[in-house]
Amino acid sequence: MTQKASTSSCLVIGGGISGLIAATVLRDRNMQVTVVDKGRAIGGRMATRRMRNPQYGEGVFDYGAPYFTVQDPKFQALVNSWIQKGIVKEWSLNQQILSRKVYYRGVNSNRSIAQHLAENLDVHTNTKVISFAWQDNHWQVLTENNETFPADVLILTPPLPQTLELLDRSQIQLPPETRHRLEEIVYRPCIALLALLAQPSQIPSLGGMQLDGTLLSWIACNQKKGISPQGNAVTLHATSEFSKTHWEMDNAVIANQLLEAASPWLGSSVIDYQVHRWRYSQPQTVYGEPYLVVTKPGPIVVCGDAFIQPDVEGAVLSGLAAAEYLLG
């Protein structure tokens, strides 16, 4: 492997769980770390949103990854520490009994896990990187708002199509075979519907169900889950097939179809709703190595959920591996 450059400062592009994990590991080893994310809030698919209604209260919705599982001892140690701090807890879903896996979720919300990781980090949200250039032995990173961030090394964690676009705009060439492998990775889309109900839902008491319908893959009652005490907040995830075919359709058309499919579990009128499109919800295949290193013209490490396994645990392990590589 090529000799690593000396690195004392790192810019992490993307504030999802992979980027935040890498950033916390590097910060704990005294590296100067900055995290930038184009979204309004950090966390990526550890996503939570609020919807208020003067009469029916405030609904709190986990609308990205609903839960996560753990197989790797490194991740288990991390999750155990989060449990001790009251950030994460087990979520006893029916499928836990079927699959014998333990399911976990954020105590207050799934975004609260990302917020915990970001507590002592230098994080800039609403900050979209448009390109970067290697000048005088360090990176100069340019954002849409004309801000520049200097760094010795970059960690790129966006979905691979966005990462490739960034590399292209920065005129960074990858070896053709590597480029091809990255382009081969296709993501499943997912349309999420957040519905605030007038009355409590009919979703079973545990608060979440996997569905195998043609329209819906997941339904959750955030009140029964324990994160939405003031409002009857329900999250619906459409199947990837439905999401693909309805991607460009009007929100009202999407909402009508999904709410109709969910009606047996709702048992209530819908007061308000929002539609969110996850274009890169989950990789269908993975790269097969924990991260990718680019050495020319300067050091870049690419990581995320498309490298080892296409879920929260995969994103965490990839972020950990990327940080360990940089620490040498």
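This is a predicted model: local features need pLDDT of at least 70, side-chain atom pairs count only at pLDDT 80 or more; totals for chains, interfaces and linings use all residues.

Colleague: What radius of gyration does the protein have, and why does it agree with a compact globule?
Modeller: The protein has 328 residues, and for that number a compact globule would have a radius of gyration near 20 Å. The value for the protein agrees with this expectation, because it is 20 Å.

Colleague: Which share of the contacts with a separation of 6 or more joins residues 24 or more positions apart?
Modeller: A contact here means heavy atoms within 4.5 Å. Among contacts in the protein with a separation of 6 or more, residues 24 or more positions apart account for 65%.

Colleague: How many helices and strands does the secondary structure of the protein contain?
Modeller: Both kinds of element are present in the protein. The secondary structure comes to 10 helices and 18 strands.

Colleague: Is D62 buried or exposed?
Modeller: D62 lies in strand β4, which covers residues 57–62. A residue counts as buried under 20% relative accessible area. The relative accessibility of D62 is 4%, so D62 counts as buried.

Colleague: Which residues does D62 touch, not counting those up to four places away in sequence?
Modeller: The question leaves out residues up to four places away in sequence. With these set aside, D62 touches A47, T48, S109, N110, R111, N222, K225, I227 and T235.

Conventions. Residues are numbered from 1 along each chain as its sequence is written. Side-chain values use heavy atoms; hydrogens and water are left out. Helices (H or I, at least four residues) and strands (E, at least two) are DSSP runs, numbered from the N terminus. The radius of gyration is taken over C-alpha atoms; the globule rule is 2.2 Å times the number of residues to the power 0.38. Buried means under 20% relative accessible area, exposed over 50%, partly exposed in between (1.4 Å probe, protein chains only).
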